[in-house]
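Visitor: I would like to go through this model step by step. Please keep to what can be read from the atoms.

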Amino acid sequence: MARALPRPRSPLSAVRRWYEQEMGWPTTATEPVELLVGPHFDVLEMPADAGRAVLRRLPHTGPVALLRPSCDGNRRLERPKVLMLIAAGGAEELPEILQWLEWGALTPDLGARGAGERMPAPAVPARAAAADTLSACEFGGREAAGWLRPPRPGRAAENFLPSTGFGTGIGGDGGGAPNLIRLVSAAATECHRARLLRARNAQSDRACGDQPLAFSNASRMSAGTRPRSLTL
């Protein structure tokens with residue numbers, strides 16, 4: 001009798017196997033593969049223009065993914081988003097942190113995903129230990145997201161995610177991920193800045209002599225922000 005050869009493993013099974021075996025992160029049985037948020041990490045999400053500005057300000061953040069401007073589960077995205085992994089429980093803390101920083105409702109573009117939610121599984125990084133660059137984002141044929149700053153297998157990744165409390169912001173690469181409050185402060189600032197820039201760019205019929213939108217201290221104060229959120 002002819003020997004039955006095993007079927008080649010699909011790209012989907014390879015993605016699922018990498019996250020479950022190498023990272024220890026639970027996945028869904030859906031197509032495309034999704035990561036379960038909550039057991040090991042939460043997610044801070046924002047528009048890609050604001051997210052890239054945050055990455056330029058903070059060289060060490062923990063894993064960061066870029067979400068394509070397409071379908072995200074049942075939601076339709078108009079523009080790409082940046083997904084930053086933060087410590088589990090951080091999504092519940094986000095509203096209180098924004099209130100404490102006195103940003104309030106000024107940052108509708110800044111959100112979070114917590115326990116019980118999902119995120120698209122980014123394409124498996126070809127170089128998990130590669131140098132950190134903002135352009136090293138690789139998408140697979142099926143994946144809706146790719147890593148900007150990939151996680152590193154063989155490490156307890158959740159121990160190096162931005163969080164609040166004692167001992168945060170230490171122990172990561174070259175100084176560790178920032179405290180979650182500092183990360184949220186930078187993210188809220190850049191989300192607000194990006195909204196101002198997008199509003200300015202949409203006003204194509206403005207007179208040439210008009211003063212461009214500024215992101216000065218005066219404009220921040222008139223928009224309702226406070227110095228506390230600008231000094232972290």
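Visitor: Is Cys-191 buried or exposed?
Guide: This is a predicted model, in which local features need pLDDT of at least 70, side-chain atom pairs count only at pLDDT 80 or more, and totals for chains, interfaces and linings use all residues. Residues are numbered from 1 along each chain as its sequence is written, and side-chain values use heavy atoms, with hydrogens and water left out. Buried means under 20% relative accessible area, exposed over 50%, and partly exposed in between, with a 1.4 Å probe and protein chains only. The relative accessible area of Cys-191 is 1%, so Cys-191 is buried.

Visitor: Where is Cys-191, and which residues does it touch?
Guide: Cys-191 belongs to helix H4; helices (H or I, at least four residues) and strands (E, at least two) are DSSP runs, numbered from the N terminus. The C-alpha atom of Cys-191 is separated by 6.4 Å from that of Thr-107, 84 residues apart along the chain. Contact means heavy atoms within 4.5 Å. Not counting residues up to four places away in sequence, Cys-191 touches Met-46, Pro-47, Ala-50, Asp-109 and Leu-110.

Visitor: What span should helix H4 have, and how far apart are its end C-alpha atoms?
Guide: The expected span of a helix is 1.5 Å times one less than its number of residues. H4 has 23 residues (180-202), so it should span 33 Å. The end C-alpha atoms of H4 agree with this, being 32 Å apart.

Visitor: Which side-chain atom reaches the backbone nitrogen of Ile-181 at the start of H4?
Guide: A polar contact is a pair of N or O atoms within 3.5 Å; within protein, one must be able to donate a hydrogen and the other to accept it, and residues adjacent in sequence count only if both atoms are side-chain atoms. The atom that comes to within 2.7 Å of the Ile-181 nitrogen is a side-chain oxygen of Asn-179.

Visitor: In what order do the strands of the open sheet stand, and which are at the edges?
Guide: Two strands pair if DSSP finds at least two bridges between them. The pairing in this sheet of 5 strands is antiparallel, in the order E7-E2-E6-E3-E9. One side each of two strands is left without a neighbour in the sheet, because each has a single partner strand; these edge strands are E7 and E9.

Visitor: How many bridges join E3 to E6?
Guide: Strand E3 covers residues 64-67 and strand E6 residues 81-86, and the two run antiparallel. Ala-65 stands opposite Leu-83 in E6. The number of bridges joining E3 to E6 is 4.

Visitor: At what angle does H4 run to E2?
Guide: Axes are lines fitted to C-alpha atoms, for helices over the stretch in contact, and angles run from 0 to 180 degrees between N-to-C directions. H4 lies across E2 and E6. Its angle to E2 is about 20°.

Visitor: Which backbone oxygens does the side chain of Arg-149 reach?
Guide: Arg-149 is in strand E9 (residues 145-149), and its relative accessibility of 7% means that it counts as buried. At 3.0 Å each, its side chain reaches the backbone oxygens of Leu-55 and Leu-58.

Visitor: What is the phi of Glu-102, and is Glu-102 buried or partly exposed?
Guide: Most residues other than glycine have a negative phi, and most peptide bonds are trans. Glu-102 sits in the loop between helix H3 (90-100) and strand E7 (111-113). Its relative accessibility is 32%, so Glu-102 counts as partly exposed. The phi of Glu-102 is positive, near 65°.

Visitor: Which peptide bond is cis, with omega near 0°?
Guide: Pro-32 lies in the loop between helix H1 (11-23) and strand E1 (34-36). The cis bond runs from Glu-31 to Pro-32.
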